[in-house]
Amino acid sequence: MRIDKYLKVSRIIKRRTLAQEACEAGRVFVNGKVAKPSTDIKVGDVIEVHFGDRVFKCKVASVDEKVQKNLSSSMYEVIE
């Protein structure tokens, strides 16, 4: 699954267009490397998203195309 879609489905970022813009601005990292919106995500990858002065870091637990809103946080494990 693409990183921009994963960020939207897991509800880390609210809209896919915002996820694409964050990737293009260099604020999203996958396994320590800057991620383009088309970067593929798999289970076990570490995602780091910079929100201004805050950093959200998580590990991918599952990659599902559709998830209910209340179960979306089960798609990742928060590291920081």
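## A buried serine

Serine 62 counts as buried, because its relative accessibility is 18%; buried means under 20% relative accessible area, exposed means over 50%, and partly exposed lies in between, using a 1.4 Å probe and protein chains only. Residues are numbered from 1 along each chain as its sequence is written, and side-chain values use heavy atoms, with hydrogens and water left out. This is a predicted model, in which local features need pLDDT of at least 70 and side-chain atom pairs count only at pLDDT 80 or more, while totals for chains, interfaces and linings use all residues.

Helices (H or I, at least four residues) and strands (E, at least two) are DSSP runs, numbered from the N terminus. If we set aside neighbours within four places in sequence, serine 62 touches Tyr6, Val43, Ser74 and Met75, where contact means heavy atoms within 4.5 Å.

## One face of a helix

Which residues of helix α2 are buried? In this helix, which covers residues 16-24, they are Ala19, Ala22 and Cys23. Looking down the axis of α2, you would find these buried residues within an arc of 100°, so they line one face of the helix. The arc is that of the directions from the helix axis to the C-beta atoms.

The cover over the buried residues of α2 includes α1 (3-9) and β1 (28-30). Just after α2 comes glycine 26, with a positive phi of about 80°.

## Charged partners

Side chains of opposite charge can pair when their charged atoms come close. A search of the whole structure turns up four salt bridges, a salt bridge being a side-chain nitrogen of Lys or Arg within 4 Å of a carboxyl oxygen of Asp or Glu. Take aspartate 4, which forms a salt bridge with arginine 2, with 3.1 Å between the closest N and O atoms. Aspartate 4 also meets arginine 16 in a salt bridge, at 3.3 Å from N to O. Aspartate 4 lies in helix α1 and arginine 16 in helix α2, so this pair ties together parts that are twelve residues apart in sequence. Aspartate 4 counts as buried, at 0% relative accessibility, while arginine 2 is partly exposed, at 31%. Arginine 16 is partly exposed, with a relative accessible area of 31%.

Another salt bridge joins glutamate 65 and lysine 5, whose closest N and O atoms are 2.6 Å apart. This pair links distant parts of the chain, with glutamate 65 in the loop between β4 and β5 and lysine 5 in helix α1, 60 residues apart. Glutamate 65 is partly exposed, at 49% relative accessible area, and lysine 5 is partly exposed too, at 26%. Through shared partners, salt bridges join Arg2, Asp4 and Arg16 into one network.

## Two residues with positive phi

Most residues other than glycine have a negative phi, and most peptide bonds are trans. Arginine 11 is not a glycine, yet its phi is positive, at about 65°. Arginine 11 is placed in the loop between α1 and α2 and counts as partly exposed, at 41% relative accessibility.

Asparagine 31, also a residue other than glycine, has a positive phi near 55°. Asparagine 31 lies in the loop between β1 and β2 (33-34) and is partly exposed, with a relative accessible area of 44%.

## The sheet

Strands of a sheet pair through backbone hydrogen bonds, either parallel or antiparallel. Two strands pair if DSSP finds at least two bridges between them. For β4 and β5, the antiparallel pairing runs over three bridges, and lysine 59 stands opposite glutamate 77 in β5.

## What the record says

An unreviewed UniProt entry lists residues 1-61 as "domain: RNA-binding S4". UniProt positions are given in the numbering used here, feature names are shortened, and annotations may be inferred rather than shown by experiment. In the model, residues 1-61 have end C-alpha atoms 13 Å apart, and the span is 26% helix and 30% strand.
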